[in-house]
Amino acid sequence: MYEVDARGLSCPEPIMMTQAAIKSHGNEKIKVLVSEPHQRTNVEKFAKSQGKKVLVSEKGDEFELIIE
């Protein structure tokens with residue numbers, strides 16, 4: 001599973017990093033880590049707009065998104 005660690009970054013960086021990961025690793029699962037609720041929402045919406053399925057879990061103060 002490819003991992004994108006976007007914790008602590010400002011928008012649009014998490015989305016740009018997710019876009020690059022989908023482009024280069026789109027055939028495998030991608031784990032995206034973010035630290036803010038609005039980043040979670042934005043990354044989830046973006047991944048779904050690309051036809052991907054997204055599973056979200058909260059890990060303490062952070063969020064983990066698994067993109068398939």
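## The contact between S35 and Q39

A polar atom of the Q39 side chain lies 3.3 Å from the backbone nitrogen of S35. Q39 belongs to helix 2, where helices (H or I, at least four residues) and strands (E, at least two) are DSSP runs numbered from the N terminus. Q39 counts as buried because its relative accessibility is 2%; buried means under 20% relative accessible area, exposed over 50%, and partly exposed in between (1.4 Å probe, protein chains only).

Leaving aside residues up to four places away in sequence, Q39 touches L9, S10, C11, P14 and V34; contact means heavy atoms within 4.5 Å.

## Basis of the model

The model is predicted: local features need pLDDT of at least 70, side-chain atom pairs count only at pLDDT 80 or more, and totals for chains, interfaces and linings use all residues. Residues are numbered from 1 along each chain as its sequence is written, and side-chain values use heavy atoms, with hydrogens and water left out.

Not counting residues up to four places away in sequence, V43 touches P14, I15, T18, V32, V34, L65 and I67.

## Overall fold

The protein chain has two helices and four strands, in the order β-α-β-α-β-β from the N terminus. Of its 68 residues, 32% count as buried.

Terms used: A polar contact is a pair of N or O atoms within 3.5 Å; within protein, one must be able to donate a hydrogen and the other to accept it, and residues adjacent in sequence count only if both atoms are side-chain atoms.
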